[in-house]
Amino acid sequence: MSLTTIRTDRTVAGWRPLIPATVVTGLGIGCVVAPMSTEAMRNVEPRLAGAASGVNNTIRQIGSVIGAATVGALLQGRLAAELATGKTYADAFIATMHVTAILPIGVVLAGALACPLVRNHTRVTPADLVPAAATRETTPGR
């Protein structure tokens, strides 16, 4: 099989799309996940910071698992439906990927549109974070 017969369809070499995809993923993590963690921890009392960080990470992991499972289930269901129409596996897989890509994109867009609606506009000053016991004056002899 020559190289010219391999490249006659519309596919691209496997590693070429990975470079921009990796860059976009890295930018997404740096521009979205880090600020979300910062915003989630912004008004947490310092004594509860460890517990709040653990809850935040647990919820993020659960969301990742549910999202991956949902996309996987949609992918499997659509692929079975496409194969049932008599398409070849390659054609069915391409059609399935086009449909399946819409779900994560839609969820990200819905989340981006919802962000301004749920933002907490409460401002905490450093004085609010100081425990009450630290602000009381201690008198000698007590």
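**How the helices of this model are described**

Me: How do you know that the span of α3 agrees with its 36 residues?
Reply: At 1.5 Å a residue, α3 should span 52 Å, and its end C-alpha atoms are 52 Å apart, so the two values agree. The expected span is 1.5 Å times one less than the number of residues. Helices here are DSSP runs (H or I, at least four residues), numbered from the N terminus. Bear in mind that this is a predicted model, where local features need pLDDT of at least 70 and side-chain atom pairs count only at pLDDT 80 or more, while totals for chains, interfaces and linings use all residues. Residues are numbered from 1 along each chain as its sequence is written, and side-chain values use heavy atoms, with hydrogens and water left out.

Me: Why is α3 called oblique to α4?
Reply: Helix α3 (residues 49-84) and helix α4 (residues 89-100) pack at about 140°, with their axes 9 Å apart. That angle makes α3 oblique to α4. For the cut-offs, angles under 35 degrees are roughly parallel, over 145 roughly antiparallel, 65 to 115 roughly perpendicular, and the rest oblique. Axes are lines fitted to C-alpha atoms, for helices over the stretch in contact, and angles run from 0 to 180 degrees between N-to-C directions.

Me: Which residues of α3 and α4 meet?
Reply: Among them are Val71, Leu74 and Leu75 in α3, and Tyr89, Ala92 and Phe93 in α4; contact means heavy atoms within 4.5 Å.

Me: What makes the pair of Tyr89 and Phe93 stacked?
Reply: Their ring centres are 6.2 Å apart and their planes are at 15°, so the pair is stacked. Rings of Phe, Tyr and Trp (its six-membered ring) pair if their centres lie within 6.5 Å; planes under 30 degrees apart are stacked, over 60 edge-to-face, and the rest tilted. The structure holds one aromatic pair. Both Tyr89 and Phe93 lie in helix α4, four residues apart, about one turn of the helix.

Me: Why are α4 and α5 called roughly parallel?
Reply: The axes of α4 and helix α5 (residues 102-118) cross at roughly 10° and come within 5 Å. The two helices are therefore roughly parallel to each other. In this contact, His98, Val99 and Thr100 in α4 meet Ile102, Leu103 and Pro104 in α5.

Me: What makes α2 oblique to α3?
Reply: Helix α2 (residues 18-41) packs with α3 at an angle of about 140°, and their axes are 10 Å apart. This angle makes α2 oblique to α3. Residues that meet include Val33 and Ser37 in α2, and Ala49 and Ala52 in α3.
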